Each structure stands twice: as structure tokens, then as C-alpha cells.
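This report covers aromatic pairs, a helix and the nonpolar core of one model. The sequence and structure come first.

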Amino acid sequence: MDINMGLDEGQRETMAKAVTKLLADTYALYFKTHAYHWNVTGPRFHDLHAMFMEQYTEMWQAVDDIAERVRALGFMAPISYEEMAKSSSIAFDKKTPDATTMVKNLVAGHEQVVRTARKVLELASEHGDEATADLVAPRVSAHEKTAWMLRATAG
């Protein structure tokens with residue numbers, strides 16, 4: 001069935017690619033945060049364990065909403081970890097870092113997601129894609145706030 005929602009196929013494809021990049025970055029950060037939740041140790045264990053759980057839980061809902069936007073634009077969301085990792089700007093860890101490094105890595109990850117989201121917002125503005133902008137703008141706020149909260153834990 002044809003899609004006729006005010007964006008031509010080229011615009012929808014451009015937006016779907018940008019939103020897929022945001023999805024991949026968010027998913028990689030979700031996974032990293034969840035893995036850190038499982039593996040954090042040390043005197044800050046309890047606080048970081050709980051904080052990481054709150055953060056990955058929030059991102060879990062976000063990845064679903066972001067993937068559904070890709071589908072609403074008429075394109076398929078990534079179907080494999082490999083496809084997701086290939087699209088992501090956030091690298092996976094090769095070994096488990098200490099708690100302080102976990103916090104630093106998560107700050108960097110949230111800041112990367114903000115940069116990716118801002119690029120999506122620029123494209124959404126260029127193409128008149130208010131629905132994508134409405135989805136992505138709150139993601140910028142959420143990731144900026146989370147980065148700030150993580151930075152605050154570092155002292």
C-alpha cells in the first residue's frame with residue numbers, strides 16, 4: 001500500500017536512515033548501561049546499580065518508540081545485533097571497566113546520543129517531519145539530563 005503522509009519517498013528514506021542511526025546509538029547505550037548494571041562493583045555498587053537500572057529501563061521504552069518511527073516512515077528497523085552495531089557510533093566494551101570508568105563511558109554515550117538526535121532534529125526541520133521532531137526532542141532532554149546526573153555522581 002502506498003504511503004501518502006506529506007513526505008515523499010526520498011524524504012522518508014532520509015529520515016528513516018537518520019532515525020535508524022538514533023535507534024542504533026540508543027540501543028548500544030541501553031545495552032552498555034544494562035551490562036554495567038549487572039557488573040558494577042565497589043563501594044558505590046548500590047547507588048550505581050539502582051541508577052543504571054533506572055536509566056536502562058527508560059531507554060528500553062525509547063528504543064521501541066524510535067524503532068516504531070522507522071516503521072511508520074515505511075522502512076524496516078534493524079533485524080540483527082550486527083546491523084544495529086554497524087549503525088551505532090557507540091562502541092561496545094571489550095572488558096568490564098571499573099565503576100568510575102563506567103560512569104565516564106555512560107556520560108560519553110549519552111552525549112553521543114544527544115549529538116545524533118540533534119542531527120535528526122536538523123533533518124526533521126529541513127524535511128518538515130514534525131512527527132519525528134516530536135519524538136526526538138524529548139530524547140535530547142532525557143539524555144542531556146542523564147549525562148548531567150552521571151557527571152554529578154563523579155564529583
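Phe92 is partly exposed in this predicted model, with a relative accessibility of 41%. Its ring pairs with that of Phe31, the centres being 5.9 Å apart and the planes at 75°, so the pair is edge-to-face. Phe31 belongs to helix H1, while Phe92 sits in the loop between helix H3 (81–87) and H4; the pair therefore ties together parts 61 residues apart in sequence. Phe31 is also partly exposed, at 35% relative accessibility.

The structure holds six aromatic pairs. Another of them joins Tyr27 and Tyr30, and this pair is tilted. Both residues lie in H1, three residues apart, or about one turn of the helix. An α-helix has 3.6 residues a turn, so residues three or four places apart point the same way. Tyr27 is buried at 17% relative accessible area, and Tyr30 is buried at 11%.

| Pair | Centre to centre | Angle between planes | Class |
|---|---|---|---|
| Tyr27–Tyr30 | 5.7 Å | 50° | tilted |
| Phe31–Phe92 | 5.9 Å | 75° | edge-to-face |

H1 has 31 residues and spans 44 Å from its first C-alpha to its last, close to the expected 45 Å. Asp8 caps the N-terminal end of H1, with a side-chain oxygen 3.0 Å from the backbone nitrogen of Gly10.

The largest nonpolar core has 39 residues, and Leu22, Phe52 and Val120 have the most contacts inside it. Helices H1, H2, H4 and H5 each supply at least two residues of this core; H1 gives the most, with twelve. Beyond its neighbours within four places in sequence, Val120 is in contact with residues including Met15, Leu22 and Val136.

Terms used. Residues are numbered from 1 along each chain as its sequence is written. This is a predicted model: local features need pLDDT of at least 70, side-chain atom pairs count only at pLDDT 80 or more; totals for chains, interfaces and linings use all residues. Side-chain values use heavy atoms; hydrogens and water are left out. A nonpolar core is a set of buried Ala, Val, Leu, Ile, Met, Phe, Trp, Tyr and Cys residues joined through side-chain atoms within 4.5 Å. Buried means under 20% relative accessible area, exposed over 50%, partly exposed in between (1.4 Å probe, protein chains only). Helices (H or I, at least four residues) and strands (E, at least two) are DSSP runs, numbered from the N terminus. Contact means heavy atoms within 4.5 Å. The expected span of a helix is 1.5 Å times one less than its number of residues. A polar contact is a pair of N or O atoms within 3.5 Å; within protein, one must be able to donate a hydrogen and the other to accept it, and residues adjacent in sequence count only if both atoms are side-chain atoms. Rings of Phe, Tyr and Trp (its six-membered ring) pair if their centres lie within 6.5 Å; planes under 30 degrees apart count as stacked, over 60 as edge-to-face and the rest as tilted.
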